[in-house]
Amino acid sequence: MMKKYIYLFAIFSSCFFYACKKEAQLTVLKTVGFGSSLTASKNAVVLSRLNDTTSVVTFSWPAVVYPIKAAVTYTLQVDLPSDTLGAAAWSNATSVAVGNDVLSKSYKGNDLNTLALALGLKSGIAGNLVFRVKAYQDQNAYTKAVTVNVTPYIAMSVYPLLYIPGEYQGWLPATAPVMAALQPKLYEGYINVPAGGTYHFKFTSAPDWNHINYGSGANGLLTTDGLAGDLIGPGPGYIQLSANLNNNTWTATKTTWSILGDASPGGWDTDTQLAYDAANQVWTVTADMVSTGSFKFRANNAWAIDFGIDAKGNLAYADSPVYGYNAAVNNITVPVSGNYTITLDLHNPANYNYKLKKN
């Protein structure tokens, strides 16, 4: 009888050991990968209005075979070359969900242009973007990266413009900054004026002196008298200019820029100052930000000229002495807490924008 129990126990132990060993094998993930490389239909793309609505590049990749037969999710990741190296490689990448078991992604010109500008490529200048594909089921697999040289563009403003030639830029209307009329006959924009000189300027209706020129008239109003004197700014600095041709008034306000809010280091009490980058015509700051709060950009540490975002997420004036108060403008937030480089770009009055780059 004892031998029988010993025999049965041996059989049971053997089965249990085999089952455990078999189960252990099932729980070990087998490494998977792409069988071949990611490919791009073009290695260079020049973007313009002419190819806005047509496909300009297509990315293709092979399927990844996982041990379990189930849907595989593919994501295209895009980044600048400098952000794909080091310990934080690809941490700033833009991820584009492609879908389950989808093995290609095509970009129309307008979509690729928007992506390139958002990642920091400059209008009219060729720059590289790096692409790779991530596959996921029970683990991630990545393709090798491919590089595409992209030249983005910014469409010319469809708003009426006034040009701002002056001593600060050699009195050349053809290369002068502009103001745009986002409301009828109400023009607004920014210029950067270096120290030195008389700070004189005028407004012109075209990039030359052969059309309407606006100078200083009686009682500080604008006049189209070609012999009128110059307009005079408040001195060196980053100047907000406006011209209201409904009543021929104009303004010039010197500004510095900051962020303020409980997402920023100083909360709602202390402004975090931005520094002006003259080479790139933008204001920047690097700061630790928190996702549980929000912030706005504001001028001169006051709530007279400040920006939030509109319902589409675009930069928009919340307070402006030119356009008034807009209650529909919301505060800005960061997606996750961390250290960010924040950029405010006001050099194109028809395309004020900002960027958040997590470091």
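**Aromatic pairs, salt bridges, a sheet and a cavity**

Trp 171 is partly exposed, with a relative accessible area of 29%; this class lies between buried, under 20%, and exposed, over 50%, for a 1.4 Å probe and protein chains only. The structure is a predicted model, in which local features need pLDDT of at least 70 and side-chain atom pairs count only at pLDDT 80 or more, while totals for chains, interfaces and linings use all residues. Residues are numbered from 1 along each chain as its sequence is written, and side-chain values use heavy atoms, with hydrogens and water left out.

The structure holds 21 aromatic pairs, a pair being rings of Phe, Tyr or Trp (its six-membered ring) with centres within 6.5 Å. Trp 171 forms one of these with Trp 209, at 6.3 Å centre to centre and with 40° between the planes, a tilted arrangement; planes under 30 degrees apart would count as stacked and over 60 as edge-to-face. Trp 171 belongs to the loop between strand 10 (161-163) and strand 11 (178-183), and Trp 209 to the loop between strand 14 (203-204) and strand 15 (213-216), so the pair ties together parts that are 38 residues apart in sequence. Strands are DSSP runs of E with at least two residues, numbered from the N terminus. Trp 209 is also partly exposed, at 35% relative accessible area.

A tilted pair is likewise formed by Tyr 317 and Tyr 323, with 6.0 Å between centres and 45° between planes. Tyr 317 is buried, its relative accessible area being 10%, whereas Tyr 323, at 21%, counts as partly exposed. Both tyrosines belong to one aromatic cluster, whose members also include Tyr 190, Tyr 238, Trp 257, Tyr 276, Trp 283, Phe 307 and Tyr 352.

Five strands form an open sheet in the order 21-20-24-25-26, with antiparallel pairing. Its edges are strand 21 (272-273) and strand 26 (315-319), each of which pairs on one side only; pairing requires at least two bridges found by DSSP between the two strands. Strand 25 (residues 306-309) runs antiparallel to strand 26 and is joined to strand 26 by four bridges. In one of them, Ile 309 has Leu 315 of strand 26 as its partner.

Two salt bridges are found in the whole structure, the criterion being a side-chain nitrogen of Lys or Arg within 4 Å of a carboxyl oxygen of Asp or Glu. In one, the closest N and O atoms of Lys 357 and Asp 83 are 3.5 Å apart. This pair links distant parts of the chain, 274 residues apart: Lys 357 is in strand 28 (residues 353-358), and Asp 83 is in the loop between strand 4 (73-79) and strand 5 (94-100). Lys 357 is partly exposed at 34% relative accessibility, while Asp 83 is buried at 13%.

Asp 271 and Arg 298 form a salt bridge with a closest N to O distance of 2.8 Å. Asp 271 lies in the loop between strand 20 (257-260) and strand 21, and Arg 298 in strand 24 (residues 296-299), so this contact ties together parts that are 27 residues apart in sequence. Asp 271 is buried, with a relative accessible area of 14%, and Arg 298 is buried at 7%.

One cavity of 30 Å³ or more is counted, a cavity being a set of points on a 1 Å grid where a 1.4 Å probe fits but cannot get out. The largest cavity has a volume of about 40 Å³, taken as the space filled by probe spheres set on the points. Residues lining it, with an atom within 4 Å of a point, include Tyr 168, Phe 201, Pro 234 and Ile 239. The lining has seven nonpolar, two polar and no charged residues, with Gly classed as polar and Tyr and Pro as nonpolar.

Methods. On a 1 Å grid over the protein atoms alone, a cavity is a set of points where a 1.4 Å probe fits but cannot get out, and a pocket is an open set with protein on both sides within 12 Å along at least five of seven lines; lining residues have an atom within 4 Å of a point.
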